[in-house]
Amino acid sequence: MGENPHLDLTKMAQKYGDVFSLMLGNRLVVVLNGVDAIQEAIVKQSTAFAGRPHLHTFKLADPQGNSLTVGDYTPKWRLVRKMSVAAIQNFAKNADALEEKLLRESQSLVHYFKLQKEKPVDASITLKFAVANIILNGLFRVDRSYDDEGLRGIIQLVENYGQALHASSHVDFLPLLKYLPNKALSKLELAIKSVGDVITKMFVENKQTYQEGQVRNIADSFISVVEKETLKEKENSPVGENTLSMAPMLSDEQIIQVLTELFGAAIDTSSGVIYWSLAYLVKYPNIQRQLHEELDNVIGRERFPTLADMPSLPLLQATVYELLRVTSLSPLSIPRSTTTEANIQDYTIPKDTIVFINLWSVHRNPAIWKDPEVFNPRRFLNDAGEVIDPKALGGFLPFSGGRRRCPGEPLALKTISVFLGALLHSFRFSQDGLPAEYQGINLHGKFGLTLTPETFYVRIEERF
């Protein structure tokens, strides 16, 4: 496959059908395309397609088997998943705190962009700073400034991890290569350790000030949920068992692994979608103008948009949905494997088969989306201008689905919506008047752990 495997596999589906197999190196891979085959697999047969293949890079990323992202579908993984969802939901109950943090970070982001107005700007690193601050605050109640070298270092570590994982992925399908000198694998192991060390330090410092019943952040929420579930398990244990010595249901190491993955995934996805938004809004200035009008009519010019305003901004909500559809940030999702023999559209897929889920083929399917290549947020609005629930349209799976659905989806949607609203409320983005070397935007993107835009530059004009 080429530099854009999601496109190659979509073309192959047009020739061979929505379910086909191919050999990658010495590994058999089944590729699922189209909404019917994919929904049948990851939703209707979610357990059968919930496994993760035993790839070399996955083992490096998850040496203790604690990973929520690349860990295989086992009783241990199911427990980690259950606790993670409970901890995130427990934290999300405090909507006021999240709204306040998103507002403050929006103001910081706008202030930083004002310092860069009227000149060529690559906004990617600034957006990563803002998203990193949101997730660090959510995880540990930590705040950093945009010129903080420690925060810059953490972001660089996450980028190194993503680049190294993508660069070394060929080892997964040609296992003999792992025995040869490999700079990418060495960088991957170093990046994994470095990111883990940073998150461990923050977790330990946070735990030292944790007080029972007081949930200040997601790390606290994990500790609280684990304590309650462990106590419940002790109370329900048969009489005579040594429940006093029962270990916590999740260890600190397991919690740290999940927090590390939440942090890395949030930076990649949320900042990536907002970066893409600038590319598309420069290419579609009429939509940008309509968003300016909606924000001015609903919010006015005297204050920032907040999380509470989002239901009153249907075009902004629809724009976020359309960005998630048209960009397909994770076009092939993370490889899965079958936990048992399964049948999809008259094909039998053996147990332990690697499966690629081609989400790109769903989000760009002309049978579901009219003119799928066109950026059109109004496809998510009804005739009355109200937001349509994307699930009602079918074929909307930016956060995957089934047992492997992204648990951070609610936080990501809120972060993207508020940041995009604040940026559009304050600025107009274009390439007007930029020197020739800073002109041009490639909407095809570059494939890695996620599908990200090629570097591009914008001119930031303040709206008064």
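In this predicted model, Leu-259 touches Leu-139, Phe-140, Ile-199, Phe-203, Ile-218, Ala-219 and Phe-222, when residues up to four places away in sequence are not counted. Leu-259 also belongs, together with Phe-113, Leu-127, Phe-140 and Phe-263, to the residues that have the most contacts inside the largest nonpolar core.

**Nonpolar cores**

- The largest nonpolar core contains 124 residues, and helix H10, which spans residues 252-283, contributes the largest share of this core, namely 17 residues.
- Another core, of 18 residues, lies apart from the largest one, and among its members are Val-19, Ala-342, Ile-349 and Val-355.

**The four-stranded sheet**

- Four strands form an open sheet in the order E1-E2-E7-E4, and the pairing within this sheet is mixed.
- Strand E1 (19-24) and strand E4 (336-337) are the edge strands, each of which pairs on one side only.
- Strand E4 is joined by two bridges to strand E7 (residues 354-357), and these two strands run antiparallel; Ser-337 has Ile-354 in E7 as its bridge partner.

**Helices packed on the sheet**

- Helix H1 (residues 5-16) packs on the sheet, where it touches E1, strand E2 (27-32) and E7, and the direction of H1 makes about 125° with that of E1.
- Helix H2 (residues 35-44) likewise packs on the sheet, touching E1, E2, E4 and E7, and the direction of H2 makes about 115° with that of E2.

Note on methods
Residues numbered from 1 in each chain as written. Predicted model: local features only at pLDDT ≥ 70, side-chain atom pairs only at ≥ 80, totals over all residues. Heavy atoms only, no water. Pairing = 2+ DSSP bridges. Contact = heavy atoms within 4.5 Å. Axes fitted to C-alpha atoms, helices over the stretch in contact; angles between N-to-C directions. Core = buried A, V, L, I, M, F, W, Y, C linked by side-chain atoms within 4.5 Å. Buried < 20%, exposed > 50% of the residue type's maximum accessible area, 1.4 Å probe, protein only.
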